[in-house]
Amino acid sequence: MTFRTRNAFRAAQRGVYRSPGARTRTIVTIIQQGYEGWRLSLGRNPVRLTPGLNLKIPVYHSVEVVDLRESSILIPNACLFNSICLLYMTRLPGYTSDNVPVICSGSLFYRIIDGYKACFSVSDVHANIKNTGTSAMRAVLGQFSYDQVISDRNGLNEQLNSVIGNTIANWGVKCTRYEIQSFQPANREVERQLELQMEAERNRRKQLLDTQAQINIAEGQKQRVILESEGHLEAKSNEADARYKTVVREAEAKQQQSIMEASALAEQVSRLALSISGTDEETQVQPGDRQRALDTLIELRRLEQLKAIAKGSGNSTYFFGDQSILGSNANGLAFGNMNGSGFPGAYLIDYAEKTKAVLGDKVSPHTTSDGEKTLI
């Protein structure tokens with residue numbers, strides 16, 4: 001390594017490098033865009049130099065240039081040489097809050113915002129930034145558990161950015177961000193123990209999920225049974241209400257039918273009585289006329305029943321008693337009255353039907369010569 005190369009390397013370690021024009025004896029120096037220069041007169045009275053052409057008198061002036069662009073340093077080790085970052089990666093050991101030995105590395109991104117402080121407030125800004133990042137990384141790493149680092153790496157990065165930024169702010173440097181690049185256990189034994197721990201944790205979570213799934217299934221079955229029972233109860237209630245309403249409606253219909261039939265019958269009796277009396281006003285109708293009209297309607301109904309029996313397809317023979325002869329009894333036309341023997345009058349079809357039902361099997365049918373059955 002030549003003398004000029006060694007000087008450039010030392011300047012790079014101090015965080016500044018001297019302009020190429022400063023190494024040649026000229027009266028001007030050029031500051032590149034993105035850089036900032038400070039000119040010293042015999043080592044004092046610093047003057048800020050902007051990008052472009054600036055005056056520099058040999059021996060009397062010395063110029064230091066700082067890079068104002070965003071830069072990065074690899075933690076734990078980095079070396080700058082002629083504006084080219086040569087990275088020598090080493091492992092930074094540390095311990096988490098749960099005493100797990102780990103090795104990690106990261107990148108610290110920063111930017112110089114005050115060139116005066118970067119040149120004159122600290123001897124070697126880049127080396128001090130690297131040392132601050134290394135110590136802060138170990139300190140902050142001890143505040144997090146291993147699982148927290150694995151699951152919440154952004155939280156670790158934000159904490160490192162805050163701690164390092166507060167420290168290097170006095171040097172005119174702003175920490176833009178910090179990124180963890182690698183993080184792993186320090187040795188194979190620790191890694192194996194962590195694998196066993198993670199496997200046990202996975203098994204525990206699996207059991208919890210299985211238990212929760214069984215609970216959900218049981219809860220679902222419980223809700224299904226409850227809903228089914230409520231559905232059956234609602235259905236039975238609806239059926240009972242439907243039957244009740246049906247019975248009520250049928251009773252009301254029968255009641256209304258009876259009322260209408262009675263009204264129609266009364267209207268028929270009134271008109272027949274009016275016709276029998278021979279008058280035009282109902283007030284002149286006598287009670288006897290109404291009775292005759294009622295008896296006439298009853299006789300008409302009986303004749304209709306006899307007609308229905310005559311038109312029937314059955315071969316049964318009906319007997320209406322000894323005194324039932326063509327609608328006359330011992331007292332003449334006594335329709336619907338009881339005779340002296342205690343039996344109903346003529347053509348009591350209802351009485352004959354009731355008698356037939358009561359006798360039942362006691363009455364044996366008699367077969368005539370032509371094959372017809374006669375009920376005696």
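Reader: Is F120 buried, partly exposed or exposed in this model?
Author: The model is predicted. Buried means under 20% relative accessible area and exposed over 50%. F120 has a relative accessible area of 34%, so F120 is partly exposed.

Reader: Is W38 buried or exposed?
Author: The cut-off for buried is under 20% relative accessible area. W38 has 11% relative accessibility, so W38 counts as buried.

Reader: How many aromatic pairs does the structure hold?
Author: Ring centres must lie within 6.5 Å to count as a pair. By that criterion the structure holds four.

Reader: What is the geometry of the pair W38 and F120?
Author: The centres of W38 and F120 are 6.3 Å apart, and the planes make an angle of 85°. Planes over 60 degrees apart count as edge-to-face, so the pair of W38 and F120 is edge-to-face.

Reader: How many residues apart are W38 and F120?
Author: W38 is in strand β2 (residues 35-41), while F120 is in helix α3 (residues 115-120). The pair links distant parts of the chain, and the two residues are 82 residues apart.

Reader: Is the pair of Y146 and F183 stacked, edge-to-face or tilted?
Author: Stacked needs planes under 30 degrees apart and edge-to-face over 60, with the rest tilted. The ring centres of Y146 and F183 are 5.5 Å apart with planes at 35°, so the pair is tilted.

Reader: Which elements does the pair of Y146 and F183 tie together?
Author: The two residues are 37 residues apart in sequence. Y146 counts as buried at 9% relative accessibility, and F183 does at 11%. Y146 lies in helix α5 (residues 146-151) and F183 in strand β11 (residues 173-185), so the elements are helix α5 and strand β11.

Conventions:
Residues numbered from 1 in each chain as written. Predicted model: local features only at pLDDT ≥ 70, side-chain atom pairs only at ≥ 80, totals over all residues. Heavy atoms only, no water. Phe/Tyr/Trp six-rings, centres within 6.5 Å; stacked < 30°, edge-to-face > 60°. Helix = DSSP H or I, 4+ residues; strand = E, 2+ residues; numbered from the N terminus. Buried < 20%, exposed > 50% of the residue type's maximum accessible area, 1.4 Å probe, protein only.
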